[in-house]
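Trainee: Please take a close look at a single part of this model, the sheet and the salt bridges. What holds there, and by which cut-offs?

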Amino acid sequence: LPHPISKEEMQKYFQLDLCSNSYLYESWLIGKLIFLLGGINVADLFRITDDSIKSGRVVYFRAKTKKLYSVKILPATNEILQHFKSKETKSILGILSNEDLKNKAKLPYIIQQKNHLLNNHLKKIGAMIGCKEKLRGYTFRYTIANLCKQMGYDVQLIAELLGHSYGNRVTGIYLEAYDRVLI
């Protein structure tokens, strides 16, 4: 089941004063990016290249659905992207090498390994902020969906944000935790 975190926990996450030379720093930034880019899937985020940045937006095809997305780059998003920009790879975050991006057969496995490390780091960051849930990449997707629901956004609009098709039951699973609290 999904495990979103509360608005207060998300605020603590964003306000965490993590030293830039900490081994957790870039994972912390990636968590922020997932949220700021509308709950982008980790696999899609890792695949974003410089070519994906167009007219102040991140434009990408979701790997799972092949659906085109265009997300506005907010000032906080831009600041994080600039941090990663110095990497020597087409991958905007520098997590995937150019060879990784070309190796279509091994790419899912490579992303899985990188995601595992990210989740280990996020779990430690979650403990630092006193998060009740085990923090991982998908937590940010669940959280943005639930926060949007709490703010009164339509379920179909939330489904669109997450890359789910119209009437998709998966969106309901994402929002189940919110509905339980409301009930």
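**Sheet and salt bridges**

Mentor: The bridge partner of lysine 54 is arginine 57, in β2. This is a predicted model, in which local features need pLDDT of at least 70 and side-chain atom pairs count only at pLDDT 80 or more, while totals for chains, interfaces and linings use all residues. Residues are numbered from 1 along each chain as its sequence is written, and side-chain values use heavy atoms, with hydrogens and water left out.

β2 covers residues 57–61 and runs antiparallel to β1, to which two bridges join it. Strands count as paired if DSSP finds at least two bridges between them; strands (E, at least two residues) and helices (H or I, at least four) are DSSP runs numbered from the N terminus. The open sheet has three strands in the order β1-β2-β3, with antiparallel pairing. Its edge strands, β1 (53–54) and β3 (68–72), each pair on one side only.

Two salt bridges are present in the structure, a salt bridge being a side-chain nitrogen of Lys or Arg within 4 Å of a carboxyl oxygen of Asp or Glu. In one of them, the side chains of aspartate 44 and arginine 62 meet at 3.8 Å, N to O. Aspartate 44 sits in helix α3 (residues 42–47) and arginine 62 in the loop between β2 and β3, so the pair links distant parts of the chain, 18 residues apart. Aspartate 44 and arginine 62 are both buried, where buried means under 20% relative accessible area, exposed over 50% and partly exposed in between (1.4 Å probe, protein chains only).

Lysine 85 and aspartate 50 also meet through their side chains in a salt bridge, at 3.8 Å, N to O. Lysine 85 is in the loop between α4 (75–84) and α5 (98–102) and aspartate 50 in the loop between α3 and β1, so this pair ties together parts 35 residues apart in sequence. Lysine 85 is partly exposed at 46% relative accessible area, and aspartate 50 is partly exposed at 40%.
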